[in-house]
Amino acid sequence: MAQTISYITGSQLLSLQRRPNIAIIDVRDDERSYDGHIAGSFHYASGTFTDKITNLIQDVKGKDTLVFHCALSQVRGPTCAWRLANYLEEMKEDAGIKNILVLERGFNGWEASGRPVCRCTDIPCKGASASSSIRIHSR
Ligand SMILES: [Zn+2]
């Protein structure tokens, strides 16, 4: 199964954000701690992304669409998205991830467009709707 990665705009993400099948993966490094983040997003810093890729796959169990972003989604976001896509392809096991997307213009574009920014210090961020998300356990 060849994975492809496409882009999603901020307004598309805003309308999909509350769906239980979506996971937002923030791969910024230190910026997350002082710039805020998109509510409910997971944090997998690009610097240690490869080491934690199996944790990530555990975290997103039951979600079929992952949206990656960094500050601008020009380098780290797409790079990590491809790393995951390649990993999944090599793993030869279906993790249930069907779509890997990158948020156009990244977190900075999201914030500049006046979209909601969460400034909690929870790890992971519980987001506005995370408590109602559906958990699916396979096996
Ligand atoms: Zn938060």
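These legends walk through several close-up views of one predicted model.

**View 1**
Follow the chain from the N terminus and you'll read the elements off as β-α-β-α-β-α-β-α-β-α. The chain has 139 residues, and 40% of them count as buried. Now look at contacts between residues with a separation of 6 or more: 70% of these come from residues 24 or more positions apart.

**View 1. The sheet, strand by strand.**
Here the five strands line up as an open sheet, in the order β1-β5-β4-β2-β3, and the pairing is parallel. Which strands stand at the edges? They are β1 and β3 (residues 42-43), and each has a single partner strand, so one side of each is left without a neighbour in the sheet. As a bit of background, strands of a sheet pair through backbone hydrogen bonds, either parallel or antiparallel.

**View 2. Strand β4 and its two partners.**
Zoom in on β4 and you can check the pairing for yourself. On one flank, β2 and β4 pair in the parallel sense over five bridges, with Ala 23 standing opposite Leu 66 of β4. On the other flank, β4 and β5 run parallel and are joined by four bridges. Two spots to look for there are Thr 65 opposite Asn 99 of β5, and Phe 68 opposite Val 102 of β5. To get from β4 to β5 the chain passes through α4, and this β-α-β crossover is right-handed.

**View 3. Both faces of β4, covered.**
How many of the five residues of β4 are buried? Five of the five are, so β4 is largely enclosed by the rest of the structure. In a regular strand the side chains alternate between the two faces of the sheet. You can see this in β4, where Thr 65, Val 67 and His 69 sit on one side and Leu 66 and Phe 68 on the other, all of them buried.

**View 4. Helix α4 and its buried side.**
The buried residues of α4 are Gly 77, Pro 78, Cys 80, Ala 81, Leu 84, Ala 85 and Leu 88. They cover an arc of only 165° around the axis, which puts them on the same side of α4. Why would residues three or four places apart point the same way? What covers the buried residues of α4 includes β1 (5-8), α3 (53-59), β4 (65-69) and β5 (99-103). Just after α4, Lys 92 takes a positive phi of about 55°.

In soluble globular proteins, nonpolar side chains tend to be buried together. The largest nonpolar core in this model has 22 residues, and those with the most contacts inside it are Ile 25, Phe 49, Leu 66, Phe 68, Leu 84 and Ile 100. β2, α3, β4, α4 and β5 each supply at least two residues of this core. The largest share, five residues, comes from α4. A second, separate core has 10 residues, including Leu 13, Ile 22, Ile 24 and Ile 38.

Ile 25 lies in strand β2 and is buried, with a relative accessible area of 0%. Although Ile 25 and Phe 68 are 43 residues apart along the chain, their C-alpha atoms are separated by 4.7 Å. Setting aside neighbours within four places in sequence, Ile 25 contacts Phe 42, Tyr 44, Leu 56, Val 60, Leu 66, Val 67, Phe 68 and His 69. With residues up to four places away left out, Phe 49 touches Val 27, Tyr 44, Leu 56, Phe 68, Cys 80, Arg 83 and Leu 84.

**View 5. Ser 46, in a loop.**
You'll find Ser 46 in the loop between β3 and α3. Is Ser 46 buried or exposed? Its relative accessible area is 14%, so Ser 46 is buried, given that buried means under 20%. Among its contacts beyond four places in sequence are Val 27, Asp 29, Arg 76 and Cys 80.

Methods. Residues are numbered from 1 along each chain as its sequence is written. This is a predicted model: local features need pLDDT of at least 70, side-chain atom pairs count only at pLDDT 80 or more; totals for chains, interfaces and linings use all residues. Side-chain values use heavy atoms; hydrogens and water are left out. Buried means under 20% relative accessible area, exposed over 50%, partly exposed in between (1.4 Å probe, protein chains only). The arc is that of the directions from the helix axis to the C-beta atoms. Contact means heavy atoms within 4.5 Å. A nonpolar core is a set of buried Ala, Val, Leu, Ile, Met, Phe, Trp, Tyr and Cys residues joined through side-chain atoms within 4.5 Å. Two strands pair if DSSP finds at least two bridges between them. A crossover is right-handed if, with the strands pointing away from the viewer, the path from the first strand over the helix to the second runs clockwise.
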